[in-house]
Amino acid sequence: MGRAVVIGAGGQIGRPAVRALARDGWEVTAASRGGGRDENWPAEVRTPRLDREDDAALAALIGDGCDLVIDVVAYGARHARQLTGLADRIGAAVVVSSVSVYEDGEGRGFDTMGEPDGLPRYPVPITEDQVTVAPGDASYSTGKVALERELLSAADRLPTTVLRPGAIHGPYSPLPRELYFVKRNLDRRSRRVLAFRGESRFHTSAARNIAELIRLAAARPGSRVLNACDPRPPSVSEIGAAVDAVMGVETETVLLGGPAQASVGSSPWSVELPVVCDMSAAERELDYRPVVSYRDSLPETVEWLIRRLSERDWREAFPSLARIYPDLFGYAAEDAWFAARRA
């Protein structure tokens, strides 16, 4: 193994990726905005600060060259051009994208979910050759497509594995969906309401499984696009039950036959139709086998969330989650709904 540079090493995916690469014998430079160090990293891992938007700083980080760049925070055509502009000094790359790039073939995708007849009807499962939204800078999804296409167009100069995870979970997440159940249990909410009969499936991706894919792709450089998800996507009801089991609580679950009623019944996984990805390409090309199941990964996530909630209000701890789901804990509305139901 040679020298590997991880960009975004201090985050949810970067931390286990650095560990996995170091275990394989890579000489790892773990760059992040804060330049921090994970307690589980070997002492020889270098931890420089890096502003991802600073072209000169990125070029200096790569230096005379490296065998591998892992970029877990790249977004848009500009970041892709940063990397391809250094292609003569980079052996290969692994870059994280998202399953949100997929379109259903009728112009519907993640960006149209809130529009009339905008709910995407994806095949089950979604393979990597499914059509994507158009590249651009209008949304997160279009920006990720722009990133992918720019990188793959330079495959002859920079072999790049593009990974498309789903609902990423694990410690250090800026968007920890599991907080929905963890905080409710800490607040002693004995009942919860779930839309769509609790059957919603939005394919989960453990950060540790993504790190395993990064490790495997690092050892087999090439230009490819791979889904990066867990072995079996749990339903939202199964996720709630699994969190309850970790926390040792029992909760009554009330199921709605249809969509949420305002905030009542809504959760970060509330999709009417399944978003489930095919993982056979990763198995075939990289001999990928997941290193952890969703259920087995939960204890460390729950422990981390409880610790964060003990330090500050959830809105301060997770501003991105609060912005996207401002009514995540609308207890007053839920209590009023239960009262009307009894009347």
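This is a predicted model: local features need pLDDT of at least 70, side-chain atom pairs count only at pLDDT 80 or more; totals for chains, interfaces and linings use all residues.
Q: What counts as a helix or a strand?
A: Both are DSSP runs, numbered from the N terminus: helices are H or I with at least four residues, strands are E with at least two.

Q: In what order do the strands of the open sheet lie?
A: Strands pair if DSSP finds at least two bridges between them. Here 6 strands form an open sheet, in the order β2-β1-β3-β4-β5-β9, and the pairing is parallel.

Q: Which are the edge strands?
A: They are β2 (27-31) and β9 (224-228). Each pairs on one side only. On average, neighbouring strands of this sheet are turned by 15° against each other, direction ignored.

Q: Is β1 buried or exposed?
A: Buried means under 20% relative accessible area, exposed means over 50%, and partly exposed is in between (1.4 Å probe, protein chains only). In β1, 5 of the 5 residues are buried, so this strand is largely enclosed by the rest of the structure. Both faces are covered. Arg 3, Val 5 and Ile 7 are buried on one side, Ala 4 and Val 6 on the other.

Q: How is a pair of packed helices described?
A: Two packed helices are described by the angle between their axes and the distance between the axes. Axes are lines fitted to C-alpha atoms, for helices over the stretch in contact, and angles run from 0 to 180 degrees between N-to-C directions. Take helix α1 (residues 14-23) and helix α6 (residues 207-219): their axes come within 8 Å and cross at roughly 40°. That makes α1 oblique to α6. As for the word, angles under 35 degrees count as roughly parallel, over 145 as roughly antiparallel, 65 to 115 as roughly perpendicular and the rest as oblique.

Q: Is the crossing of α1 and α6 left-handed or right-handed?
A: A crossing is left-handed if the near helix is turned anticlockwise from the far one by less than a right angle, and right-handed if clockwise. The crossing of α1 and α6 is right-handed.

Q: Which residues make the contact of α1 with α6?
A: Contact means heavy atoms within 4.5 Å. From α1 come Pro 16, Ala 17, Ala 20 and Leu 21. From α6 come Ala 207, Arg 208, Ala 211, Ile 214, Arg 215 and Ala 218. They divide into 8 nonpolar, no polar and 2 charged. Here Ala, Val, Leu, Ile, Met, Phe, Trp, Tyr, Cys and Pro count as nonpolar, Asp, Glu, Lys and Arg as charged, and the others, Gly among them, as polar.

Q: Which strands does α1 lie across?
A: They are β1 (3-7), β2 and β3 (66-71). α1 runs at about 165° to β2.

Q: How do α5 and α9 cross?
A: The axes of helix α5 (residues 179-186) and helix α9 (residues 294-311) come within 10 Å and cross at roughly 60°. That makes α5 oblique to α9. Their crossing is right-handed. Leu 179, Val 182, Lys 183 and Leu 186 of α5 meet Val 302, Leu 305, Ile 306 and Leu 309 of α9. This contact has 7 nonpolar residues, no polar and 1 charged.

Q: What should I look for in the backbone?
A: Most residues other than glycine have a negative phi, and most peptide bonds are trans. Between Val 124 and Pro 125 the peptide bond is cis, with omega about 0°. Pro 125 lies in the loop between β4 (90-96) and α4 (140-152). Asp 117 lies in the loop between β4 and α4. Its phi is positive, near 55°. At 58% relative accessibility, Asp 117 counts as exposed.

Conventions
Residues are numbered from 1 along each chain as its sequence is written. Side-chain values use heavy atoms; hydrogens and water are left out.
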